[in-house]
Amino acid sequence: MPDRQHRRQRTDGADPPGLVPSSDEVLVDRARHGDLDAFTELVERYQVQVYNLCLRLTSQPADAADVAQEVFLRVYTHLDRFRGQGRFRSWIYRIAVNTCRDELRRRRRRPAPAPAQDPPAHGGFAAVAGGEGGDPARAVMAREAQAAIQAALGQLPEPFRAAVVLRDVQGLSYEEVADVLGISVGTAKSRIHRGRSRLRDLLAAAGFLPGGRKGGSEG
């Protein structure tokens, strides 16, 4: 771990107020040379996105929190492997997806609790139920829709789930999704299309799309 001397060096050389924040690549380079404050800034920059990704892939808040911690530990210990040939965001998401896959493999060897009903802290499919607008009934519908979406995601095969979450929740481009998953852009588009189609079927069956029992008016 970085020592106190390196931390003092970072404090003395911090960006003056008012300047554009350092890029991910600059922070990675500083962290690679022992700058703990630079790594802390990277964690603060990505902790919400990484947690939400882990929550969508594992469906369990406790597991997602543990996996997110493991992700940042892996990032820190493998910083020397990031050479700046792609975006840091894609690199950290790749580590997150792989760490979630490891967790899901471990989970198969132990009893699994019921899927979480709480939505993630930020982002992801909120438009399914529309804006709440201060209406308690709409707020309840929004929570129910979020729970249904998470349950449906949990039923998708992992390759489709990862592709859909990266594209539709995390907002990655098709090229970034392909980079994170180590597949071609064409394969990424196919997985996203098939995942979305299956997700729509599951949500329709649960009544959370127009024409269903909860998602809209009949006809």
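Modeller: Let's go from the overall fold to single side chains, keeping in mind that this is a predicted model.

Biologist: Which secondary structure elements does the protein chain have?

Modeller: Nine helices and zero strands. As for cover, buried residues account for 41% of the 219 residues.

Biologist: And how do I judge whether the chain folds back on itself?

Modeller: Look at the contacts between residues at least 6 apart in sequence: in this chain, 62% of them join residues at least 24 apart.

Biologist: Which residue has a positive phi although it is not a glycine?

Modeller: As a rule, most residues other than glycine have a negative phi. Serine 59 has a positive one, about 70°. You'll find serine 59 in the loop between α3 (36-58) and α4 (61-77). Its relative accessibility is 7%, so serine 59 counts as buried, the cut-off being under 20%.

Biologist: Where does the side chain of arginine 107 reach?

Modeller: To the backbone oxygen of threonine 58, at 2.7 Å. The arginine 107 side chain also makes a polar contact of 2.9 Å with the side chain of aspartate 63. Arginine 107 lies in helix α5 (residues 88-107), and because its relative accessibility is 14%, arginine 107 counts as buried.

Biologist: Now the rings. How many aromatic pairs are there?

Modeller: A search of the whole structure finds five. Take phenylalanine 39 and tyrosine 76: they are edge-to-face, 4.8 Å centre to centre with 70° between the planes. Phenylalanine 39 is in helix α3 and tyrosine 76 in helix α4, so this pair ties together parts 37 residues apart in sequence. Both residues are buried. Another pair, phenylalanine 82 with tryptophan 91, is tilted, at 5.4 Å and 45°.

Biologist: Which charged end sits over the ring of tyrosine 174?

Modeller: That of arginine 167, 4.2 Å from the ring centre. Lysine 189 also lies over the face of tyrosine 174, at 5.4 Å from the ring centre.

Terms used
Residues are numbered from 1 along each chain as its sequence is written. This is a predicted model: local features need pLDDT of at least 70, side-chain atom pairs count only at pLDDT 80 or more; totals for chains, interfaces and linings use all residues. Side-chain values use heavy atoms; hydrogens and water are left out. Helices (H or I, at least four residues) and strands (E, at least two) are DSSP runs, numbered from the N terminus. Buried means under 20% relative accessible area, exposed over 50%, partly exposed in between (1.4 Å probe, protein chains only). A polar contact is a pair of N or O atoms within 3.5 Å; within protein, one must be able to donate a hydrogen and the other to accept it, and residues adjacent in sequence count only if both atoms are side-chain atoms. Contact means heavy atoms within 4.5 Å. Rings of Phe, Tyr and Trp (its six-membered ring) pair if their centres lie within 6.5 Å; planes under 30 degrees apart count as stacked, over 60 as edge-to-face and the rest as tilted. A charge sits over a ring if NZ of Lys or CZ of Arg is within 6 Å of the ring centre and within 35 degrees of the ring normal.
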